[in-house]
Amino acid sequence: MSAFIIPVGQEASNPSLLNVADHIEHMKANNKVFWNVGFPGASMSVIRKSPWKYDDISTGYFYIYKTKKISYEFEIDYVKLIMELDFPNIQQYVPKFRLKFFEPISSKYSPNDYAFLLNKITPLQPMKNLNHFRLLKSGKPVKKIRYYAIVEDL
């Protein structure tokens, strides 16, 4: 089986963007939560419609840069380009601090980003290191992640 690892960055204009616990709280209130992931090489001025290719993967992990640990596991309902979402019908799953990336009228709207709709986030005990995972294509241990990595699931 395969899984994703999504890095949770070091700096953001709003600390909640990097706080998985804030996303879990939103999920508790709304049953699901969106997390957006930048599309490698995409520019907001150029719309590139590249549908998600990995619909068979339903599990992922958050790698927290600050601690250098994989601290959470999550389950995915689906992944779509933000531009493919019917915003009025999904906005209850978007935390207020992420709205600027999903709302078409926002200056931070990122139509080329992928939107991961998560239905479960659980802390990992014990936490894992990146080298616990192997890249799906090469079988080599994961050393670093920019946008996301596709790995062999544990």
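Start by selecting Leu-135. Leaving aside residues up to four places away in sequence, Leu-135 touches Lys-140, Val-142, Ala-149, Ile-150, Val-151 and Glu-152; a contact here is heavy atoms within 4.5 Å. Draw a line from Leu-135 to Ala-149: the two are 14 residues apart in sequence, yet 7.2 Å apart in space, C-alpha to C-alpha.

A quick word on what you're looking at. This is a predicted model, where local features need pLDDT of at least 70 and side-chain atom pairs count only at pLDDT 80 or more, while totals for chains, interfaces and linings use all residues. Residues are numbered from 1 along each chain as its sequence is written, and side-chain values use heavy atoms, with hydrogens and water left out.

Why does Leu-135 count as partly exposed? Because its relative accessibility is 29%; buried means under 20% relative accessible area, exposed over 50%, and partly exposed in between, using a 1.4 Å probe and protein chains only.

Now switch to cartoon view. Leu-135 sits in strand 6, residues 134–135. (Strands are DSSP runs of E, at least two residues; helices are H or I, at least four; both are numbered from the N terminus.) Follow the open sheet of seven strands in the order 2-5-4-3-1-7-6, with mixed pairing; two strands pair if DSSP finds at least two bridges between them. Strand 2 and strand 6 are at the edges with a single partner strand each, so one side of each has no neighbour in the sheet.

Strand 2 and strand 5 run antiparallel, joined by five bridges. Click Val-37 and you'll find Tyr-114 of strand 5 opposite.

Next, colour the largest nonpolar core, which has 23 residues; Val-20, Trp-35, Phe-62, Phe-116, Leu-118 and Ile-121 have the most contacts inside it. Such a core is a set of buried Ala, Val, Leu, Ile, Met, Phe, Trp, Tyr and Cys residues joined through side-chain atoms within 4.5 Å. Which strand gives the largest share of this core? Strand 4, with five residues.

Zoom in on Phe-116: among the residues it touches are Phe-4, Trp-35, Trp-52 and Tyr-78. Then look for a second, separate core of 14 residues, including Phe-87 and Phe-101.

Last stop: helix 1 (20–30). Helix 1 lies across strand 1, strand 2, strand 3, strand 4 and strand 5, running at about 120 degrees to strand 5; the angle, on a scale from 0 to 180 degrees, is between N-to-C directions of axes fitted to C-alpha atoms, for helices over the stretch in contact.
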